[in-house]
Amino acid sequence: GSFLITVFREACLYEVAERVIPGLVVDVNTLHGLKIQAGIVYQVKKRKPWDEGYQKNILSAALAATAGMRLVVAVDEDVDIYNADEVLWAITSRVNPDLDIIRGPRGGRGTIMQPLERTGFGGGGFEGGIGLDATVPFELKDEFTRSHYPVERIDLQKWFSEKEIAAITDMQDEYAKVLARTGA
């Protein structure tokens, strides 16, 4: 199961982003593996060239706003923030290690949900988190266009029955379902 508080944390962290730069964040999600108050994913849409860089301000604000925040990721609107594989794809294909990794504040109080902080082996306090800017630089958007397979032009019912299609779909993992649905 998931923690009920997750929905409220997402709303609060969305509000943090809105206070930093209104309208930049499109959506917020806590991936299943981050539900112990350890992380958040922001989906942003840069509207103008001068929006570039604001995503890093939002990452920094989120790292500072929550005790024990370990990972904050910003991705573009073409990334499905409800799918961990999509987020990992954005991290591996869009993060520049020299420019896009932000270290969060250290030394404050963390959370007892983090074993390192609870045991004191990490120095007894919060050891900091990281922010990953997995967005495309605004000026280079055309260089980062995702490949697209024309899935909308394929009619599987020409070759398979609905029962066969359903059986194949049931065997697919979540990422394969995303690829089959979007073609990206």
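Which residues have the most contacts inside the largest nonpolar core? In this predicted model, local features need pLDDT of at least 70 and side-chain atom pairs count only at pLDDT 80 or more, whereas totals for chains, interfaces and linings use all residues. Residues are numbered from 1 along each chain as its sequence is written, and side-chain values use heavy atoms, with hydrogens and water left out.

The chain contains 6 helices and 5 strands, assigned as DSSP runs (helices: H or I, at least four residues; strands: E, at least two) and numbered from the N terminus. Their order from the N terminus is α-β-β-α-β-α-β-α-β-α-α. Of contacts (heavy atoms within 4.5 Å) between residues at least 6 apart in sequence, 69% join residues at least 24 apart.

Of the 184 residues, 38% are buried, that is, under 20% relative accessible area with a 1.4 Å probe, protein chains only. A nonpolar core is a set of buried Ala, Val, Leu, Ile, Met, Phe, Trp, Tyr and Cys residues joined through side-chain atoms within 4.5 Å. The largest such core has 17 residues, and the most contacts inside it belong to Leu-13, Val-25, Ile-40, Tyr-42, Ile-58, Met-69 and Val-72. At least two residues of this core come from each of helix H1 (5-20), strand S1 (25-29), strand S2 (39-44), helix H2 (54-65) and strand S3 (71-76). H2 gives the most, with 4 residues.

With residues up to four places away in sequence not counted, Val-72 touches Ile-40, Tyr-42, Leu-59, Ala-62, Leu-63, Ile-130, Gly-131 and Leu-132.

Methods: Buried means under 20% relative accessible area, exposed over 50%, partly exposed in between (1.4 Å probe, protein chains only).
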